[in-house]
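Trainee: I am new to this structure. Can we go through some of the terms and check each one against its cut-off?

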Amino acid sequence: MADLTLSVLRRDGEAFMEALTREQHLALAGYKPTAELKPIYERYAHVLGPGALELTRDAFKGAATGTDEWRSARALLGWEIETHASRALAELDERIIAWEVAAIIRLADGGEVPYQRAAVDLATLADRNERLALDDARAALVERELAPMRAERLQRERDLIESLEIGADYIASFEALSGIDLRALATECERFLRDTETMWTEVHGHAVRKQLGIAPGEATRADALALLRAPRFDSYFPAAEMESVVRRQVSEMAVDPTAGGRAIYDLAPRPGKRSRAFCAPVRIPREVYLVLLPFGGATDYRTLLHELGHTLHFAYMRDDLPFEFRWLGDNSITEGYAMLFDHLMHDPGWLTRYSALGKARVAEYRRAAALEELQFLRRYCAKLLYELRLYGGDLSWSSLPDAYVEILSAATLFRYRTADAFVDVDPRFYSARYLRAWQLQAALREALVATFDEDWYRNPRTGPWMVRELFGEGQRELASELAERVGARPLSFDPVVRAIETGLSA
Ligand SMILES: [Zn+2]
């Protein structure tokens, strides 16, 4: 298209994102049997084609580093590349999804389990032999059928992005587009793993012996799923109350949880509604859905709080920000707000006030939550270290599964399997966004406590500040710049470690 300009790209790009998000929302929330995405891609072909990619690449290369024009071009180019890759890989993705829906795990004893139910079954099977037998059969199937497709997807996406010559290779391209220094973050991850190693060895050994009745050296990743499910607290987090609880808390910090009607809470059961919770910002900031099928339990509460953080962020964004600073940019920020809210599940004051745990059980719950957090974080650090090896080019693809098992098992002390080396990978280093979000939420929490006290979450001065300084600003900045602007400490794992230590010794 000859007349494609950046302002046309912004206008039609936003219309495309709205149409796409609306269609996905309707399908996942159970209002439509399937999402019909192809017609949307066709209708907006002009904002997704090679011309649009060229336009944003030129804008990025031509803008002076550090200016708003450069930030804007960086966000638009990153988005163009992402949609470009999604389109190029759509057929393979459809094949992968179709496989996941249809695949059946066949057990040695003749039993059958749908592939998609395996994770839930692994976490809930009480008999360890059954658990390991299921995981053996799952791994064999994945290795044979899914892993080759996922490996192909990773390779093709890498080749496609490298061919655009944004940076010298895949890693450098991601760094240029995200503003995240991956090697520096990897060094921080290595230090985090060292700093928490003694602590983890101790709590891991204790939990594995006590709750699984096995020696720590025998524990596998399937055992980890069973160990961390911890259903013993679920009755203190009733499904019927979860929506009113979080609305009450947000109101107490003087924020309208519905953002004047712009945030819509959809917790009602509906045939066809998927069980996975999500936030669908159909129009930012005017129409934002929080969709969840409530089962109750601690995990469900944490999920609701997480999606609540996203929802408030989108619904309270300034509507005069350009498309790219509302829809695109550094997702470490929106994940950081989501985590700021889901980490309220670690706060003794919050738990006492808003859950049914009661003072007597809060400490025990906090220790369990801190154990889970440390496991999760060590796993994510290891994932980033592995993903850097995967894209680094020093290892052949055939030796990556062994590297995966070595890195993930050493960090978590649960034995991983080679079958998952290409399946357990977040595309485009999303693990780095999560790790930055973890750092951001911990830095923000410490800043909030310093300004608005321990119970900042119910201080009526907190909400208006949060809306103005955090949510309103969208994602124009990087997470590190945001922390600096609001007077939080520079991003690091230090406050994360402090919070985990406090939780474990509760
Ligand atoms: Zn999230």
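Trainee: Why is H306 called buried?
Mentor: This is a predicted model, and the value is computed from it. H306 has a relative accessible area of 14%. Buried means under 20%. So H306 counts as buried.

Trainee: Why is H310 called buried?
Mentor: Apply the cut-off again. The relative accessible area of H310 is 7%, and the limit is under 20%. H310 is therefore buried.

Trainee: Where do H306 and H310 lie?
Mentor: Both are in helix α13, residues 298-315. They sit four residues apart, about one turn of the helix.

Trainee: What makes H306, H310 and E335 donors of the zinc ion?
Mentor: Distance. A donor atom must be within 2.8 Å of this metal. NE2 of H306, NE2 of H310 and OE of E335 coordinate the zinc ion at 2.1 to 2.2 Å. In sequence, the donor residues are spaced H-x3-H-x24-E.

Trainee: Are C381 and C279 buried or exposed?
Mentor: C381 has a relative accessible area of 0%, so it is buried. C279 has 15%. That is still under 20%, so C279 is buried too.

Trainee: What makes S431 buried?
Mentor: Its relative accessible area is 0%. The cut-off is under 20%, so S431 is buried. S431 is found in helix α19, residues 430-452. Leaving out residues up to four places away in sequence, S431 touches Y380, L384, E387 and D426.

Trainee: How far apart are S431 and V486?
Mentor: In sequence, 55 residues. In space, 24 Å from C-alpha to C-alpha.

Trainee: Why are α19 and α22 called roughly perpendicular?
Mentor: Look at the angle. The axes of α19 and helix α22, residues 494-504, cross at roughly 75° and come within 8 Å. Angles of 65 to 115 degrees count as roughly perpendicular. So α19 and α22 are roughly perpendicular to each other.

Trainee: Which residues meet there?
Mentor: From α19, W438, Q439, A442, A443 and E446. From α22, P495, V496 and R498. By class, this contact of α19 with α22 has five nonpolar, one polar and two charged residues.

Methods
Residues are numbered from 1 along each chain as its sequence is written. This is a predicted model: local features need pLDDT of at least 70, side-chain atom pairs count only at pLDDT 80 or more; totals for chains, interfaces and linings use all residues. Side-chain values use heavy atoms; hydrogens and water are left out. Donors are N, O and S atoms within 2.8 Å of the metal (3.2 Å for Na, K and Ca); water is not among the atoms, so sites may look incomplete. Helices (H or I, at least four residues) and strands (E, at least two) are DSSP runs, numbered from the N terminus. Buried means under 20% relative accessible area, exposed over 50%, partly exposed in between (1.4 Å probe, protein chains only). Contact means heavy atoms within 4.5 Å. Axes are lines fitted to C-alpha atoms, for helices over the stretch in contact, and angles run from 0 to 180 degrees between N-to-C directions. Angles under 35 degrees count as roughly parallel, over 145 as roughly antiparallel, 65 to 115 as roughly perpendicular and the rest as oblique. Ala, Val, Leu, Ile, Met, Phe, Trp, Tyr, Cys and Pro count as nonpolar, Asp, Glu, Lys and Arg as charged, and the others, Gly among them, as polar.
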